[in-house]
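My entries follow in the order in which I made them.

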Amino acid sequence: MKIIPEEPTSKDEIKLIVFNDCDYNTLSGVKRTGKTIEVEKQFNSAMMRPRIQRNDTILIGKLTMGVYSVNYKLVDTANPATPKIAQSLVFNLAVSK
């Protein structure tokens, strides 16, 4: 994963690039609460689709100056009663003035 631009300012549209993502992983939401940004993608492993890799660009948007915590989750929804987190990453994002 990579944030672009590499050193974002409060004037920039910030994007998260997910490298080698499966084409069937779908974005289910980007939620901002204070200095926390939740990015969630979903897939259904029971569908047993072929894996086709691609890069995905997720728009985070403009942020005010500060340090943010970005939480990325990839959730398997094969069992709707108990969705399983297949991947979870947390990293800091510093935005300058």
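I located Asp76 in strand S6, residues 66-76; strands here are DSSP runs (E, at least two residues), numbered from the N terminus. I noted that the model is predicted, that local features need pLDDT of at least 70 and side-chain atom pairs pLDDT 80 or more, while totals for chains, interfaces and linings use all residues. Residues are numbered from 1 along each chain as its sequence is written, and side-chain values use heavy atoms, with hydrogens and water left out.

I checked the charge of Asp76 next. Asp76 is buried and has no salt bridge, where buried means under 20% relative accessible area (1.4 Å probe, protein chains only) and a salt bridge is a side-chain nitrogen of Lys or Arg within 4 Å of a carboxyl oxygen of Asp or Glu. The nearest side chain of opposite charge is that of Lys84, 5.1 Å away.

I then asked what the side chain of Asp76 does reach. I found a polar contact with the side chain of Ser45 at 2.6 Å (a pair of N or O atoms within 3.5 Å, one able to donate a hydrogen and the other to accept it; residues adjacent in sequence count only if both atoms are side-chain atoms). The side chain of Asp76 also reaches the backbone nitrogen of Ala78 at 3.0 Å.

Finally, I turned to S6 as a whole. Eight of its eleven residues are buried, so S6 is largely enclosed by the rest of the structure. I recorded Val70 opposite Ile37 and opposite Phe91 in S7.

Technical notes. Helices (H or I, at least four residues) and strands (E, at least two) are DSSP runs, numbered from the N terminus. Buried means under 20% relative accessible area, exposed over 50%, partly exposed in between (1.4 Å probe, protein chains only). Lys and Arg count as positive and Asp and Glu as negative; His and the chain ends are not counted. Two strands pair if DSSP finds at least two bridges between them.
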